[in-house]
Amino acid sequence: MQPRNMSMSGVVDLAAVKAAQEAKAKAEQARAEAARQGGGGAVSPADLVIDVDEAGFERDVLQRSAEVPVVIDFWAEWCEPCKQLSPVLERLAVEYNGRFLLARIDVDANQMLMQQFGVQGIPAVFAVVAGQALPLFQGAAGEAQIRETLDQLVTVAEQRFGLTGLSVDPDAEPGGAQTAPAAPVGPYDALLEAAVQALDAGDLAGAVQAYKNVLSEDPANMEAKLGLAQAELLHRVQGADPQQVRKDAAEKPADATAQIAAADLDLVGGHVEDAFGRLIDTVQRTVGDDREAVRLRLLELFEVVGADDPRVAAARRALARALF
């Protein structure tokens, strides 16, 4: 079976945007509680690879995903590709020095977990970040592909959820402390928390303003950039009549305003490629200010989905062809 790459960004929808914000808040609460109870000791390199079963899944994966990304390796003794992949993952877990935790799950002994994750074949590799499950790849991937995927994972975990990983001490005894120190409070945490609270309350305009407040002081803040792009998208579609928006778009294929509104709905509904394709087609049909407005909206939607998503890369190439 050939490896199947999966994007770290996932499908964009209302629930996913809010879930990411809530998961980050829960992760921060879990780290604070661990610190309050006296956690925070370093782990040994041997503790970075663990065997997990159904009984310990909540403790060893879900709870620990609030402090470190947990990569799950679904394997079986009879699976020959697994025998190639698992040692690579184990070696990389130690090499990455606590930036992720590797959990090995024997599918023969844990059929329920295999079904819950929708595993169709093994080896299959997933991740759990702050309680959120992400499919990574399926099949015996090459080491270069694995490293690229892991790099994306730890970046997303840090930027979106504030997970900086575990502290590793080569001299620590295996089975020692299993909680990382609480992450230091950053200078914009209160403003970012205000944005999360505004989202929870359905105050999208307030969330937009809160993210803008962060960016006015720290223009390079990645969490605020992503949050602003998502909050602005949700704010634009709030109160829209989907039937009317799509009717207008169908009747006016060269109308920039109508196509932009429909593309926003496409993206919120998870139809990423439809949204991109619609705007690229509109770029080809329009000129002047209308064309520029469509181009700028497309760039904004790229920010929502994430630059690492292969659909964004493909759409950028298509946009370049449409413009030039």
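**Close-up views of a predicted model**

**View 1. The loop residue N97.** N97 is placed in the loop between α3 and β3. The structure is a predicted model. The phi angle of N97 is positive, at about 55°, although this residue is not a glycine. N97 follows helix α3.

**View 2. Helix α3 and its packing.** Helix α3 covers residues 80–95, which makes 16 residues. The distance from its first C-alpha to its last is 24 Å, close to the 22 Å expected at 1.5 Å a residue. Which residues of α3 are buried? They are C82, L85, S86, V88, L89, L92 and A93. These buried residues pack against the strands β1 (49–51), β2 (70–75), β3 (101–106), β4 (124–129) and β5 (132–138), and also against helix α5 (143–161).

**View 3. The disulfide of C79 and C82.** A disulfide is a covalent bond between the sulfur atoms of two cysteines. The structure holds one disulfide. The disulfide is formed by C79 and C82, whose sulfur atoms are 2.4 Å apart. The angle about the S-S bond is 80°, and the link between C79 and C82 is right-handed. Both cysteines, C79 and C82, are buried. C82 is also one of the buried residues of helix α3.

View 4. How many aromatic pairs does the structure hold? There are six aromatic pairs. One of them joins Y96 and F100, with ring centres 5.6 Å apart and ring planes at 65°, so this pair is edge-to-face. The limit that decides this is an angle of over 60 degrees between the planes. Y96 and F100 are both buried. Elsewhere, F57, F74, F117 and F126 make up one aromatic cluster. In a further arrangement, R104 lies over the face of W75, at 4.3 Å from the centre of the ring.

View 5. P123 is placed in the loop between α4 (111–116) and β4. The peptide bond leading from I122 to P123 is cis, and its omega is near 0°. A130 is found in the loop between β4 and β5. Phi of A130 is positive, near 50°, in a residue other than glycine. Is A130 buried or exposed? The relative accessible area of A130 is 13%, and this residue is therefore buried, as the limit for that class is under 20%.

**View 6. D264 and its contacts.** D264 is found in helix α10, which covers residues 256–268. The relative accessibility of D264 is 3%, so this residue counts as buried. Which residues does D264 contact, leaving aside its neighbours within four places in sequence? The contacts of D264 are L233, R236, V237, R297 and L301. D264 and L301 are 37 residues apart in sequence, whereas their C-alpha atoms are 8.1 Å apart in space.

**View 7. Helix α13 and its two sides.** Helix α13 covers residues 310–323 and has 14 residues, which should span 20 Å at 1.5 Å a residue. The C-alpha atoms at its ends are 20 Å apart, in agreement with that expectation. Within α13, the residues V312, A315, A318, L319 and A322 are buried. Why can these buried residues be said to line one face of the helix? Seen down the axis of α13, they fall within an arc of 125°, so they line one face. The cover over the buried residues of α13 includes helices α11 (272–285) and α12 (288–305). On the face of α13 turned away from its buried side are the exposed residues P310, R317 and R321.

**View 8. The whole chain, for orientation.** The chain contains 13 helices and five strands. It has 324 residues, of which 47% count as buried. Among the contacts in the chain with a separation of 6 or more, 72% are between residues 24 or more positions apart. The pair D264 and L301, which are in contact, is 37 residues apart in sequence.

Definitions and conventions
Residues are numbered from 1 along each chain as its sequence is written. This is a predicted model: local features need pLDDT of at least 70, side-chain atom pairs count only at pLDDT 80 or more; totals for chains, interfaces and linings use all residues. Side-chain values use heavy atoms; hydrogens and water are left out. Helices (H or I, at least four residues) and strands (E, at least two) are DSSP runs, numbered from the N terminus. The expected span of a helix is 1.5 Å times one less than its number of residues. Buried means under 20% relative accessible area, exposed over 50%, partly exposed in between (1.4 Å probe, protein chains only). Contact means heavy atoms within 4.5 Å. The arc is that of the directions from the helix axis to the C-beta atoms. Rings of Phe, Tyr and Trp (its six-membered ring) pair if their centres lie within 6.5 Å; planes under 30 degrees apart count as stacked, over 60 as edge-to-face and the rest as tilted. A charge sits over a ring if NZ of Lys or CZ of Arg is within 6 Å of the ring centre and within 35 degrees of the ring normal. A disulfide is a pair of cysteine sulfur atoms within 2.5 Å.
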